[in-house]
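Welcome to this short tour! Keep your viewer open and have the selection tool ready.

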Amino acid sequence: MDILAGLETTSNFNKVCRLRKSLYGLKQSPRAWFERFTKVVKGYGFVQCQSDHTLFVKHFPEGKLAIIIVYVDDIILTGDHEEKIDLLKKLLTKEFEIKDLGNLKYFLGMEIARSKKGIAVSQRKYILDLLNETGMLGCKPVETPMDTTVKLEESDGSAPVDKGRYQRLVGKLIYLSHTRPDIGFSVSVVSQFMNNPTEKHMTAVIRILRYLKMTPGKGLFFQRTTKKEIEIFSDADWAGSVTDRRSTSGYCSFVWGNLVTWRSKKQSVVARSSAEAEFRAMAQGICEGIWLNRLLEELRVPLKHPMVLYCDNQAAISIAKNPIHHDRTKHVEIDRHFIKEKIEEGVFKVSYTPTNCQTTDILTKALA
């Protein structure tokens with residue numbers, strides 16, 4: 001915070017302000033607000049989840065529960081004990097100045113629609129606003145978010161573009177990928193060139209916008225189901241990056257048949273074989289599954305069956321199950337022991353899936 005006008009003299013040039021109260025706009029304000037909110041909510045008997053610190057749960061003797069999830073000062077209340085939820089709203093009104101917006105319809109740019117079949121989440125308005133802002137509402141749409149023939153490099157010889165505009169656009173696309181796994185890979189690729197974007201990189205960003213023009217209403221659908229399993233698909237594109245020959249790994253997890261989390265990320269080291277690249281992707285997928293399982297345990301919804309990890313590489317599966325491949329895998333020893341341990345504990349079982357059934361393919365490469 002800057003020294004107030006009128007206080008600045010030559011004698012107190014090096015003085016700073018002491019924070020007495022956290023105000024909007026200061027870096028400390030979200031943290032101070034969250035600490036205050038946490039203290040109040042815990043006072044009402046809620047427990048802060050360890051797997052997600054913004055999630056608070058309260059279990060009632062009759063097996064019902066109330067859940068609060070918070071993002072800075074936007075809060076969702078849910079659960080199956082309506083009386084307790086109404087009481088909680090009244091209690092929060094005493095402590096804070098809150099506004100009840102009724103049933104969840106719009107949250108942080110996400111539109112939520114309900115039906116008897118399930119819940120749909122999309123960012124249609126966000127996409128249309130983005131297209132309007134970039135002047136692309138009337139652009140010619142394309143069927144895929146990325147050209148399969150184009151491989152982006154850091155120094156491709158094309159002219160540099162406005163760095164600020166490129167970063168703002170990619171930042172908005174990163175936020176949009178929270179409900180759009182179909183652009184996950186292409187956004188992860190264009191976000192690798194934030195430092196020195198060129199015309200070729202900007203063309204790739206424009207193509208994603210043209211794809212969004214064709215599909216503004218697409219999103220996620222969470223359907224009612226009796227299935228109670230976690231399935232994870234993991235895949236890798238070996239040496240996919242032209243710049244440093246690192247592989248791209250991807251995973252997506254289905255909780256009770258619904259897509260819940262996904263990720264497309266360049267690996268931190270160069271893999272020496274496709275099996276090694278797939279193996280590292282498997283380890284990431286297993287970590288995600290363990291986190292989801294921990295979250296369900298905190299909600300008191302334990303899994304009755306081991307989680308299933310699907311991989312389309314037979315060599316990686318045999319290495320995970322069979323320790324004979326020792327010499328071939330010295331350099332991936334930690335991941336190998338981690339995966340083998342989880343299989344032996346019965347937390348996971350690893351299954352083969354043919355490449356044409358590999359859902360995660362869309363998160364590792366540009367598809368036609």
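Are Arg31 and Glu35 buried or exposed? Select the pair and take a look: both residues are exposed. Bear in mind as you go that this is a predicted model.

**Stop 1: a pair on one helix**

Stay with Arg31 and Glu35. Both belong to helix α1, which covers residues 29-43. They sit four residues apart, about one turn of the helix. Now show their side chains. Arg31 and Glu35 form a salt bridge, and their closest N and O atoms are 3.8 Å apart. Side chains of opposite charge can pair when their charged atoms come close. A search of the whole structure turns up ten salt bridges, so let us visit some others.

**Stop 2: Lys227 and Glu231**

Select Lys227 and Glu231 next. This salt bridge has its closest N and O atoms 3.3 Å apart. How accessible is each partner? Glu231 has a relative accessible area of 15% and counts as buried, because buried means under 20%. Lys227 is partly exposed, at 32%.

**Stop 3: Lys342 and Glu345**

Move on to Lys342. Its salt-bridge partner is Glu345, with 3.6 Å between the closest N and O atoms. Lys342 has a relative accessible area of 15%, so this lysine is buried.

**Stop 4: a histidine in a loop**

Now select His81. Where is it? His81 lies in the loop between β4 (74-79) and α2 (82-95). Although it is in a loop, His81 is buried, with a relative accessible area of 7%. Which residues does His81 touch, not counting those up to four places away in sequence? Show Phe60, Glu62, Lys64 and Leu65 to see them.

**Stop 5: a cysteine in a strand**

Finish with Cys311, which you will find in strand β12 (residues 307-311). Is Cys311 buried or exposed? Its relative accessible area is 0%, so Cys311 is buried.

Leaving aside neighbours within four places in sequence, Cys311 is in contact with Ser234, Glu278, Met282, Ala316, Ile317, Ser351, Tyr352, Thr353 and Gln358.

Cys311 and Ile232 are 79 residues apart in sequence, and their C-alpha atoms are 8.8 Å apart in space.

Notes
Residues are numbered from 1 along each chain as its sequence is written. This is a predicted model: local features need pLDDT of at least 70, side-chain atom pairs count only at pLDDT 80 or more; totals for chains, interfaces and linings use all residues. Side-chain values use heavy atoms; hydrogens and water are left out. Helices (H or I, at least four residues) and strands (E, at least two) are DSSP runs, numbered from the N terminus. Buried means under 20% relative accessible area, exposed over 50%, partly exposed in between (1.4 Å probe, protein chains only). Contact means heavy atoms within 4.5 Å. A salt bridge is a side-chain nitrogen of Lys or Arg within 4 Å of a carboxyl oxygen of Asp or Glu.
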